[in-house]
Amino acid sequence: MSNLRDASARIAMALLVLLTAACSGSSQDNRNAFDTDQILDIAHRGGNEIAPEATIEAFRTALEVGADVLEFDVRTTSDGILVVIHDDRVDRTTNGSGYVNELTLAEIQELDAGYNYTQDGGATYPYRGQGLVVPQLDEVLAAFPGVPVNVEIKSSVALGDIPQL
């Protein structure tokens, strides 16, 4: 139950951080970054066609090619840490196996998040062994300050368990 409370508190804090980030447009006019008449280029999972999805590298590459917003999913590890990963299992995007919520952060960060990425149907895997990891939410936010984000919280924590802000 303690892990559930810890996870709930982390998710609540993340929501507060994300709400603050999304609503803090430019410092000059303090508008919401999403309140615009312009079409926004949203990098789904960081542009999973141009780099291993939901990695710092994918987000960096997406911004370099013109993305306006980063989109990603957040899940909780067994030790209550928020990590950026779409699937409930690590199997598809890493060299590991198992459910995110049954693995510790240390176990997840031992995995190669570039292992299964290929652009040529499996002929080559250019990101294998390049040090890409499943990032923590706070690492992504720190790496891209001021960049608008769209976050989907995927967790076993019920919304009723999230403390009031």
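**Entry 1**

I began with Ala54 and found it in the loop between E1 and H2. I am working with a predicted model, so I keep that in mind throughout. Is Ala54 buried or exposed? Its relative accessibility is 7%, so I put it down as buried, the cut-off being under 20%.

Then I looked at its backbone. Phi of Ala54 is near 55 degrees, a positive value in a residue other than glycine. I noted this because most residues other than glycine have a negative phi.

Arg45 turned up in the loop between strand E1 (42–44) and H2. Arg45 is not a glycine, yet it has a positive phi of about 55 degrees. Its relative accessibility is 14%, and Arg45 counts as buried.

I also wrote down Gly66, which comes just after H2 and takes a positive phi of about 115 degrees.

**Entry 1: stepping back to the chain**

How many helices and strands does the protein chain have? I found four helices and four strands. Going along the sequence, I read the pattern α-β-α-β-β-α-α-β.

Of the 165 residues in the protein chain, 41% are buried. I looked up contacts too: among those with a separation of 6 or more, 58% are between residues 24 or more positions apart. The accessible surface of the chain comes to about 9100 Å², and carbon and sulfur atoms hold 49% of that.

**Entry 2: helix H2**

Which residues of H2 are buried? My list reads Ala58, Phe59, Thr61 and Ala62. I then looked down the axis of H2: its buried residues fall within an arc of 165 degrees, so they line one face of the helix.

Next I asked what covers the buried residues of H2. The cover includes E1, E2, strand E3 (82–84) and H4.

**Entry 3: rings around Phe59**

I counted three aromatic pairs in the structure. Two of them share Phe59, and I took these one by one.

In the pair of Phe59 and Phe72, the ring centres are 5.3 Å apart and the planes meet at 55 degrees, so I call the pair tilted. Phe59 belongs to helix H2 (residues 56–64) and Phe72 to strand E2 (residues 69–76), so this pair ties together parts that are 13 residues apart in sequence. Both Phe59 and Phe72 are buried.

For Phe59 and Phe144, the centres lie 6.3 Å apart with the planes at 80 degrees, so this pair is edge-to-face. Here distant parts of the chain are linked: Phe59 in helix H2 and Phe144 in the loop between helix H4 (137–143) and strand E4 (149–153), 85 residues apart.

I looked up how buried these two are. Phe59 has a relative accessible area of 0%, and Phe144 has 10%, so Phe144 is buried as well. My sketch now shows Phe59, Phe72 and Phe144 linked by ring pairs into a cluster.

My reminder to myself: in soluble globular proteins, nonpolar side chains tend to be buried together.

Which members of the largest nonpolar core touch the most other members? They are Phe59, Leu70 and Phe72, out of 17 residues. H2, E2, E3, H4 and E4 are the elements that give two or more residues to this core.

I followed Leu70 further. Setting aside its neighbours within four places in sequence, I found Leu70 in contact with residues including Ala43, Phe59, Ala62, Phe144 and Val149.

**Entry 4: charges over rings**

Where does the charged end of Arg89 sit? I found it over the ring of Tyr99, 4.5 Å from the ring's centre. The charged end of Arg128 sits over the ring of Tyr115, and there the distance to the centre is 3.7 Å.

**Entry 5: an exposed alanine**

Last, I visited Ala106 in helix H3 (residues 105–109). Ala106 has 52% relative accessibility, so it counts as exposed, the cut-off being over 50%. I also checked Ala106 against Thr77: they are 29 residues apart in sequence, and their C-alpha atoms are 9.5 Å apart in space.

Conventions. Residues numbered from 1 in each chain as written. Predicted model: local features only at pLDDT ≥ 70, side-chain atom pairs only at ≥ 80, totals over all residues. Heavy atoms only, no water. Phe/Tyr/Trp six-rings, centres within 6.5 Å; stacked < 30°, edge-to-face > 60°. Buried < 20%, exposed > 50% of the residue type's maximum accessible area, 1.4 Å probe, protein only. Lys NZ or Arg CZ within 6 Å of the ring centre and 35° of its normal. Contact = heavy atoms within 4.5 Å. Areas by Shrake-Rupley, 256 points an atom, 1.4 Å probe, with all protein chains shown as cover. Arc of directions from axis to C-beta. Core = buried A, V, L, I, M, F, W, Y, C linked by side-chain atoms within 4.5 Å.
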